[in-house]
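Here are a few notes to go with your first look at this one. Keep the viewer open while you read and take the points in order.

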Amino acid sequence: GNCEPVSSLGVLSVHCPKGIYEESVWTNALQQYSNWSDNKKPPNTIVEWDGTITASEKKERLKGTVKYLNREKRFGFIQYG
């Protein structure tokens, strides 16, 4: 999958083995992101399909801004740096 390479950028990644077609995956991802960003959780974190959290050893964290969020189609873009 691409969760590990994406999370290695210092961001939160969400594992969606069947895509983000299930609303619970999308809403859980948004909730986990809120918790992750508000509480300054470690970078390189993956929210697994079952809601568990996997974090890598890398400690650098990047800060970004949500540039676009399409709730209907369940995707978005973040600009960092």
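1. Start with V66, which sits in strand β4. Keep in mind that this is a predicted model. Is V66 buried, exposed or partly exposed? Its relative accessibility is 45%, so V66 counts as partly exposed, given that the middle class lies between the 20% and 50% cut-offs.

2. Together with Y33, L69 and I78, V66 makes a nonpolar surface patch of about 330 Å². Remember Y33 and I78, as both names come back in point 5.

3. Now step back to the whole chain. The protein has two helices and five strands, and from the N terminus on the order reads α-β-α-β-β-β-β. Of its 81 residues, 22% are buried.

4. The largest pocket holds about 1,100 Å³ of space. Its lining counts 34 residues, and those closest to the centre are L12, S13, Y33, G76 and I78.

5. Which elements supply at least two residues each to the lining of the largest pocket? They are α1 (3-7), β1 (12-14), α2 (23-38), β4 (64-70) and β5 (75-80). Helix α2 gives the most, with seven residues. By type, the lining of this pocket splits into 22 nonpolar, seven polar and five charged residues.

6. Then there is the second largest pocket, with about 190 Å³ of space. It is lined by 15 residues, and P17, E22, V25, W49 and D50 are the closest to its centre. Which element gives the most to the lining here? Again it is α2, this time with three residues. The lining of the second largest pocket divides into six nonpolar, five polar and four charged residues.

Notes
Residues numbered from 1 in each chain as written. Predicted model: local features only at pLDDT ≥ 70, side-chain atom pairs only at ≥ 80, totals over all residues. Heavy atoms only, no water. 1 Å grid on protein atoms, 1.4 Å probe; cavity = no way out; pocket = protein on both sides within 12 Å on 5 of 7 lines; lining within 4 Å. Points joined across faces, edges and corners; volume = space filled by probe spheres on them. Helix = DSSP H or I, 4+ residues; strand = E, 2+ residues; numbered from the N terminus. Nonpolar A, V, L, I, M, F, W, Y, C, P; charged D, E, K, R; others polar. Patch = residues over 30% accessible without salt bridge, like charges linked within 9 Å, V, L, I, M, F, W, Y side chains within 5 Å. Areas by Shrake-Rupley, 256 points an atom, 1.4 Å probe, with all protein chains shown as cover. Salt bridge = Lys/Arg side-chain N within 4 Å of Asp/Glu carboxyl O. Buried < 20%, exposed > 50% of the residue type's maximum accessible area, 1.4 Å probe, protein only.
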